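Please open the structure in the viewer and keep the selection panel at hand.

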Amino acid sequence: MIPMQTSIPILNSSIDFEFAVGLLHGAAVVDEYRTLADLEGVFDDEDLRSSMDPTILVYSVSCVFPVKNGKEGGLFFGTTSIRPGTVGDEYFMTKGHFHSKIDTAEFYWGIKGEGVLLLMNEDRTIRAERMVPGSLHYIPGRTAHRTVNVGEEPMIFGACWPSDAGHNYEKIRQEGFSARVRRGPHGPEVVEV
Ligand code: S6P
Ligand code: ZN
């Protein structure tokens with residue numbers, strides 16, 4: 001099958017986006033990788049995480065930044081691929097963050113695999129949305145967001161967010177989310193903590 005591709009002429013180079021699989025190609029694409037070593041304190045069972053192979057890849061993010069980070073009015077775009085796996089019974093997931101400019105929102109959409117999007121308000125009220133290919137998710141401002149792969153294959157999703165949003169990881173590092181997603185006897189369970 002011929003992949004559907006879109007070229008975005010930016011930064012004097014072009015980006016190709018394969019919609020069906022969420023792959024971004026081009027000289028201006030920035031790739032980041034998060035292994036178990038980068039995720040200290042993220043999983044409930046920190047002793048188990050620290051005893052596991054630190055080189056295991058948990059997720060990767062490919063982004064395009066058409067304007068300077070922090071500039072008002074622009075948009076950033078990226079795809080995230082979370083590998084299947086667990087630490088104990090807790091599924092692989094992203095670190096999660098509020099935006100530094102806390103009122104800024106974001107769109108996510110499911111591309112491949114099966115996931116859960118955790119959305120937490122500043123008062124720690126939490127809700128979960130199921131992510132599947134074609135699902136669309138609006139993340140309002142003032143809402144922390146974390147994604148979890150609850151399937152057996154990579155869970156891939158797209159994201160688009162304001163170029164002045166920034167990332168506040170510190171609040172989540174200190175306080176965590178108010179729910180965890182675990183493998184239960186009958187499938188994934190969102191367990192409030
Ligand atoms: C950026 C957007 C995503 C995440 C990515 C990784 O605002 O929400 O691109 O950065 O899914 O998650 P995290 O929490 O490690 O940044
Ligand atoms: Zn975000």
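**Loops, metal site and sheet**

Begin by selecting Arg142, which is found in the loop between E12 and strand E13 (143-149). The model is a predicted one. Phi of Arg142 is near 60 degrees, a positive value in a residue other than glycine. With a relative accessible area of 35%, Arg142 is partly exposed.

Next, select Arg124, in the loop between strand E10 (115-121) and strand E11 (126-131). Here phi is near 75 degrees, again positive in a residue other than glycine. Arg124 counts as partly exposed, its relative accessibility being 31%.

Now move to the zinc ion (ligand 2). Which protein atoms are its donors? They are His97 (NE2), His99 (NE2), Glu106 (OE) and His145 (NE2), at 2.1 to 2.3 Å from the ion. Along the chain, the donors follow the spacing H-x1-H-x6-E-x38-H. The arrangement is octahedral because the six donor atoms around the zinc ion subtend angles of 69 to 170 degrees. Both His97 and His99 are buried.

Select Trp109 to find its bridge partner in E12, Leu136.

Finally, display the open sheet of six strands, with the order E4-E5-E6-E14-E9-E12 and antiparallel pairing. Strand E4 (30-35) and strand E12 (136-139) stand at the edges; each has a single partner strand, so one side of each is without a neighbour in the sheet. On average, neighbouring strands of this sheet are turned by 20 degrees against each other, direction ignored.

Notes
Residues numbered from 1 in each chain as written. Chains lettered and ligands numbered in written order. Predicted model: local features only at pLDDT ≥ 70, side-chain atom pairs only at ≥ 80, totals over all residues. Heavy atoms only, no water. Donors = N, O, S within 2.8 Å, 3.2 Å for Na, K, Ca; no water. Tetrahedral: all angles 85-135°; square planar, octahedral: opposite > 155°, others 65-115°. Buried < 20%, exposed > 50% of the residue type's maximum accessible area, 1.4 Å probe, protein only. Pairing = 2+ DSSP bridges. Helix = DSSP H or I, 4+ residues; strand = E, 2+ residues; numbered from the N terminus. Axes fitted to C-alpha atoms, helices over the stretch in contact; angles between N-to-C directions.
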